[in-house]
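Trainee: I would like to learn how to read strands, helices and cores in a model. Please take me through one.
Mentor: Gladly; have the structure open.

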Amino acid sequence: MDIVTPVLAFTGLLIGLSTLLIVAERFLVGYGVCKIDINAGERDIEVEGGQTLLAALNENSVFIPSACGGKGSCGYCKVTVLSGGGPILPTETPLLTRQEIRRGVRLACQVKVREDLRIQIPEEYLNVQLFTAAVDSTRYLTHDIKEIRLALRDPPEISHRPGQYVQVQAPSPEGPVFRAYSISSPVYQPNVVELVVRLVPGGIGSTYLHNLHVGDTVTFTGPFGEFVLSEDPDVEVICVGGGCGVAPMRNIIYTLYQRWPERSCWLFFGCRGTSDVFYLREFQQLARKHPNFHVVYALSEELTPAEEWGGETGFIHLSVDKHLKPGVRRQAFLCGPPPMIEAVTQVLLEKGMRPAEIFYDKF
Amino acid sequence: MSDTPALLILVAAIFTNNILLSNFLGMCSFLAVSRQLDAAVGLGMAVVFVMTCTTPLNYVIYYDVLLPWGIEYLALIVFIAVIAAFVQFVEMFVERFSPKLYYALGIFLPLITVNCAILGAALFMLVRKYNFAQSVGFGFGAGVGWALAIILIAGLRQKMGYSNVPRPFEGVAIAMIITGVMAMAFMGFAGMVSIQ
């Protein structure tokens, strides 16, 4: 029985069909060049169609925050698509609220560029740049918190507001991931970025940063963050931090006293024990120079007999309650674990502050 | 070779020999996608299009390639390959030139690859010995018939959301019963034309 003919015929047919599909794909799946209009004409870019919106924007140096690297799991890369994005996908709906869906908010990593798009992104994303930097120095502040000083290479300077953060690119087995860290160096040192990083066991970003050596290259995007320091020198600034949440405070405080040496500012910092205290001496020195700067460190755990502590004890919101007088015009910046933020927010509201004057970073 | 006019075959394929209600082909997607009327319309349109194209396409491949080479016994597997490739091609084509239709058809287009009604139409075309024009008519008619059936049942199932179905019959069970009733109703057309 002849077996060669049918085998050849069938194989030939399949190869023919596959070729047809491959040729068709070559000609059909290329979408040509698509235009993306960002913020009503503020920036127009032309990209190759067929890729995701996030990749297309990244390629053109418009950096949208994304922690998961385009897998549709973090929900950071939200942009408003005004026209041309197609209908919302089932992969996006769990990460968007109903209101957002009505407004046309989409996840940039899930939207495919198939046609011309009109999108709206927060103004400041347009100022975000990709930086490469070299590790200038690292030092342990406590047993698990490290200060990492990065000297910028390209571009050589960063322009940011106090309280903003950068997204450090960390390698992982599944491709690079981004992790957010606040800038702790003041804005008047534009050629360095200092980060305060607590080592999280098993954490991708913190393990990577803790293992860096002097001279290593680090890539990050930034700056991100909506906090705007009040320009009115009569507004008192309240900073409340816990753990390594002091990083953005340090930036805010140094920036503030460089511009307004007489301005009133309170720093409340909650630690567990004396081994968690850092930057205290630095802040006390600053307080001697600026009499309106008040530093309060409080320990929440009982002291062991060997420890010496001249400061306050108890949870930090109790110290906030004790020191602040009600009815003063204030702006507050909170950074720390969620229970701390909630407790402090409660106290500040009782002191007469409005929710719009309280900013926070939960982690 | 049957000498029924192609137009008559078209009408017969819709009513008297409805591929779903008289041959019970394509039941799986029929039951799965008939919960919502607009989804049913989408899938129905996709089936009409794919069936109209693949039936004549398979006719050409069978009579111009398989038969001359004496390998007509490969017809079944070749038809499946052709249908799968065609659906892929159509998906790309629609995505490129009509994003609107692409979104409307959505997931249904790839689903059709495994719809046995498509293969069934190609095989009927073969055993009933249609010529090319009749194949076109039959492919289109069978597609329209399938679409008609799924749209009808989707409408019924949507309406049934308001009725009090006994618990053991909820869901697919009642859908199967309705399908049976509909099939019996379509048997009323049976005496009109015969294309067996």
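Mentor: Start with pairing: two strands pair if DSSP finds at least two bridges between them. Strands (E, at least two residues) and helices (H or I, at least four) are DSSP runs, numbered from the N terminus. This is a predicted model: local features need pLDDT of at least 70, side-chain atom pairs count only at pLDDT 80 or more, and totals for chains, interfaces and linings use all residues. Residues are numbered from 1 along each chain as its sequence is written, while chains are lettered from A and ligands numbered from 1 in the order in which they are written.

Trainee: In which sense do strand 3 and strand 5 of chain A pair?
Mentor: Antiparallel, over 3 bridges; strand 3 covers residues 78–83. Thr80(A) stands opposite Gln120(A) of strand 5. Strand 1 of chain A also joins strand 5 by 3 bridges, but these two run parallel. There, Ile36(A) faces Leu117(A).

Trainee: Which side chains of strand 5 in chain A are buried?
Mentor: First the cut-offs. A residue is buried if 20 or more other C-beta atoms lie within 10 Å of its own, exposed if 12 or fewer, and partly exposed in between; C-beta atoms are placed from the backbone. Strand 5 (residues 117–120) alternates: Leu117(A) and Ile119(A) point to one face and are buried.

Trainee: Why does Lys35(A) count as partly exposed?
Mentor: Because Lys35(A) has 14 C-beta neighbours inside 10 Å. Lys35(A) sits in strand 1 (residues 33–38) of chain A. Contact means C-beta atoms, placed from the backbone, within 7 Å. Leaving out residues up to four places away in sequence, Lys35(A) touches Asp44(A), Glu46(A) and Asp116(A). Lys35(A) and Glu115(A) are 80 residues apart in sequence, yet their C-alpha atoms are 7.5 Å apart.

Trainee: What is the strand order in the open sheet of 6 strands in chain A?
Mentor: The order is 9-8-11-6-7-10, with antiparallel pairing. Strand 9 (177–182) and strand 10 (192–198) are the edges, each pairing on one side only. Strand 8 (residues 165–170) meets strand 9 through 6 bridges. Within that pair, Val168(A) stands opposite Arg179(A).

Trainee: Which residues touch the most other members of the largest nonpolar core?
Mentor: A nonpolar core is a set of buried Ala, Val, Leu, Ile, Met, Phe, Trp, Tyr and Cys residues joined through C-beta atoms within 7 Å. The largest here has 81 residues, and those touching the most other members are Ile64(A), Ala108(A), Cys239(A), Val240(A), Leu267(A) and Val344(A). Helix 5 (residues 246–259) of chain A gives the most to this core, with 7 residues. A second, separate core of 56 residues includes Leu25(B), Val47(B), Phe138(B) and Ile150(B).

Trainee: How many helices and strands are in chain B?
Mentor: 9 helices and 0 strands. Of its 196 residues, 40% count as buried.

Trainee: What do the buried residues of helix 7 in chain B pack against?
Mentor: They pack against helix 3 (37–69), helix 4 (75–97), helix 6 (108–112) and helix 8 (132–160) of chain B. Ala117(B), Leu119(B) and Phe124(B) are among the buried residues of helix 7. After helix 7 comes Lys129(B), with a positive phi near 55°.

Trainee: How many residues of chain A are in contact with chain B?
Mentor: 17, against 14 residues of chain B.

How values were computed
Two residues are in contact if their C-beta atoms, placed from the backbone, lie within 7 Å.
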